[in-house]
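Okay, everyone, thanks for making time.

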Amino acid sequence: MTDSVQENSQLLAAFRNAMRHVAATVYAVTTSNYGQRYGILATAVNSLSFDPPSLLACINRDASVHDPLVAQGKFCVNVLAQANRDVAEHFMIPTAPDRFSVGSWVDVEGVPVLESAQSSFVCKLAAIHEFGTHSIAIGELLEARHRMDAAPLTYFDRGYIDITGAPEHGER
Ligand SMILES: Cc1cc2nc3c(=O)[nH]c(=O)nc-3n(C[C@H](O)[C@H](O)[C@H](O)COP(=O)(O)O)c2cc1C
């Protein structure tokens with residue numbers, strides 16, 4: 001192994017270790033193409049702009065959802081609630097024949113929306129930028145749903161944590 005390869009693998013290990021300790025909201029990024037539903041769990045999602053309302057999702061180009069999402073030109077970012085942990089766990093079963101058999105999914109603008117999600121953002125694909133292993137999919141909002149009564153499913157150190165015990169505003 002050359003020094004530079006070893007340095008790269010150490011750098012990647014350090015990066016993975018550091019990112020493990022970044023608490024992140026869990027999303028289900030979904031799409032449909034030719035009647036088939038696709039979806040992955042994702043944490044690399046963020047709001048992008050208010051005008052136009054838009055967000056971005058970073059999607060591995062090898063992920064099953066990637067090419068159908070690009071082909072369909074629409075996708076949904078479902079912000080998973082703590083009550084959707086069963087959906088998240090089911091999405092991560094590699095042998096599951098149908099990722100959408102857990103949870104109540106409806107089609108909005110032709111893409112799957114989880115009815116019980118904390119929020120759902122149905123987007124049209126406005127731009128896509130490739131970088132390294134991933135694509136940054138930029139979505140312009142077509143429709144948004146939000147439940148005020150839900151708490152986000154949060155991923156931290158390879159497990160789910162409950163952030164509802166965090167201090168309220170003003171209690172800090
Ligand atoms: C908590 C968590 C967060 C993830 N975040 C992302 C992400 O932001 N982007 C991504 O492409 N894959 C992410 N993944 C991996 C995908 O969910 C998925 O397992 C992988 O892309 C393979 O998908 P496939 O079996 O549909 O091809 C994440 C997995 C977990 C468990």
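One term before we start: when I say two residues touch, I mean they have heavy atoms within 4.5 Å of each other. And keep in mind that this is a predicted model.

With that in hand, let's go to Glu-140, which sits in strand S10, residues 134-146. Which residues does Glu-140 touch, if we don't count residues up to four places away in sequence? There's Pro-52, Pro-53 and Ser-54, and then Val-122, Cys-123, Lys-124 and Ala-126. The cut-off for buried is under 20%.

Okay, zooming out to the whole chain. The secondary structure comes to three helices and 12 strands. Why do I call the overall size in agreement with a compact globule? Because for 172 residues such a globule would have a radius of gyration near 16 Å, and this chain has 17 Å. Along the principal axes, the C-alpha atoms fill a box of roughly 50 × 45 × 40 Å. Buried residues make up 34% of the 172. If you take contacts between residues at least 6 apart in sequence, 66% of them join residues at least 24 apart. As for the surface, the chain exposes about 10300 Å², and carbon and sulfur atoms supply 53% of that.

Next, a sheet. This one is open, has three strands in the order S1-S11-S12, and the pairing is antiparallel. Strand S1, at 24-25, and strand S12, at 159-161, stand at the edges; each has a single partner strand, so one side of each is left without a neighbour in the sheet. Between S11, residues 154-156, and S12 there are three bridges.

Last stop is helix H1, residues 3-20, where you'll find Met-19. Met-19 is partly exposed, with a relative accessible area of 43%. That puts Met-19 over the 30% that a patch residue needs. And Met-19 does belong to a nonpolar surface patch: together with Leu-12, Phe-15 and Val-22, it makes up about 380 Å².

That's my tour, happy to go back to any of these.

How values were computed
Residues numbered from 1 in each chain as written. Predicted model: local features only at pLDDT ≥ 70, side-chain atom pairs only at ≥ 80, totals over all residues. Heavy atoms only, no water. Patch = residues over 30% accessible without salt bridge, like charges linked within 9 Å, V, L, I, M, F, W, Y side chains within 5 Å. Areas by Shrake-Rupley, 256 points an atom, 1.4 Å probe, with all protein chains shown as cover. Salt bridge = Lys/Arg side-chain N within 4 Å of Asp/Glu carboxyl O. Helix = DSSP H or I, 4+ residues; strand = E, 2+ residues; numbered from the N terminus. Buried < 20%, exposed > 50% of the residue type's maximum accessible area, 1.4 Å probe, protein only. Rg over C-alpha atoms; globule rule 2.2 N^0.38 Å. Pairing = 2+ DSSP bridges.
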